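Work through the exercises below with the sequence and the 3D structure at hand. Each task is followed by a solution in steps.

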Amino acid sequence: MQQIILITGATSGFGKAIAETFAAAGWNCIITGRRADRLEAIATSLRSQYAIQVLPLVFDVRDRVAVTTQISQLPAAWQAIDVLVNNAGLALGRDPFDTANLDDWDTMIDTNLKGLLYVSKAVLPFMTARQKGHIINIGSTAGKEVYKDGNAYCASKHGVDAISKAMRIDLLPHHIKVTAIHPGAAETEFSLVRFKGDETKAGLVYDGYHALQAADIAGITYYAATLPAHVCINDLVVTCLAQANSFYLHK
Ligand code: NDP
Ligand code: 8X3
């Protein structure tokens with residue numbers, strides 16, 4: 001039987017690459033995001049390249065009702081989700097605590113933390129019913145060390161780290177694996193979003209070194225998801241060769 005993966009934030013970056021990697025390996029994919037046009041294009045492309053099924057779901061992970069309704073009403077054939085990747089997320093701004101924008105903070109906390117909670121709670125009943133499943137949360141090196149002007153983004157990713165640990169404990173009786181993957185700087189649309197469309201600022205983030213690419217994180221996610229049933233990677237911090245942690249990046 002083909003396995004099923006649900007990936008949030010699959011319209012770009014890590015999520016899109018994860019969908020491509022699992023689709024290429026024959027998994028059926030539920031891909032989610034807010035941009036319906038991108039989701040449809042990705043679904044069409046994956047279906048045409050691989051002998052798999054793709055179900056695109058358009059919702060904002062911050063919308064608790066939409067998340068709960070769309071996931072709880074999944075057709076029966078799509079409910080046996082083997083792997084959930086909580087990937088949807090963003091940084092907005094990189095400003096000192098005193099001048100940072102409160103709306104940006106709300107968006108980051110609501111998306112990176114509350115969105116992850118809503119999606120997990122909606123998917124879990126399918127996993128607990130089968131006493132089987134794997135939740136993979138995309139954290140960040142920003143969830144391991146707090147850096148200057150990272151304030152609420154770092155807090156949201158420290159929250160992902162904490163929630164991952166909590167899930168792992170509480171879901172033990174249900175045989176559900178929980179893996180947190182914490183990437184360092186990776187060249188996706190992340191910085192373009194963080195700097196609100198400023199391509200020059202975004203480009204500078206990846207200037208002068210070979211940053212992680214989305215496919216790197218997709219490969220690692222696939223590895224973590226395909227280990228033997230009794231093996232669970234709990235926590236992975238992944239950087240490119242030029243980066244040691246949130247503070248040290250050799251350009
Ligand atoms: P991208 O900007 O390329 O992708 C982000 C994805 O998240 C998009 O598919 C976007 O879809 C989705 N998303 C954002 N907000 C929402 C929302 N409210 N509801 C639903 N989907 C949403 O960035 P990355 O691929 O780099 O980021 C993926 C994850 O990895 C994030 O959690 C990020 O914090 C984390 N990360 C990124 C690193 C990096 O350096 N790139 C390093 C460490 C962690 P859409 O806009 O269509 O809704
Ligand atoms: C993304 C990596 O260093 O911008 O989470 O926080 S960083």
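Helices (H or I, at least four residues) and strands (E, at least two) are DSSP runs, numbered from the N terminus. The model is predicted: local features need pLDDT of at least 70 and side-chain atom pairs 80 or more, while totals for chains, interfaces and linings use all residues. Residues are numbered from 1 along each chain as its sequence is written.

**Exercise 1.** Describe the largest pocket and its lining.

Solution.
- Start with the term: on a 1 Å grid over the protein atoms alone, a pocket is an open set of points where a 1.4 Å probe fits, with protein on both sides within 12 Å along at least five of seven lines; lining residues have an atom within 4 Å of a point.
- The space in the largest pocket is about 1,100 Å³, a volume being the space filled by probe spheres set on the points, which are joined across faces, edges and corners.
- Its lining has 47 residues, and Leu90, Tyr153, Thr188, Phe190 and Ser191 lie nearest the centre.
- Among the elements that each supply at least two lining residues are α1 (13-24) and β2 (28-33). The most comes from α6, with four residues.

**Exercise 2.** Describe the second largest pocket.

Solution.
- About 370 Å³ of space lies in the second largest pocket.
- Lining this pocket are 22 residues; Lys132, Gly133, His134, Lys177 and Ala229 are the closest to its centre.
- Two or more lining residues come from β5 (133-138) and from β6 (176-183). β6 gives the most, with three residues.

Terms used:
Chains lettered and ligands numbered in written order. Heavy atoms only, no water.
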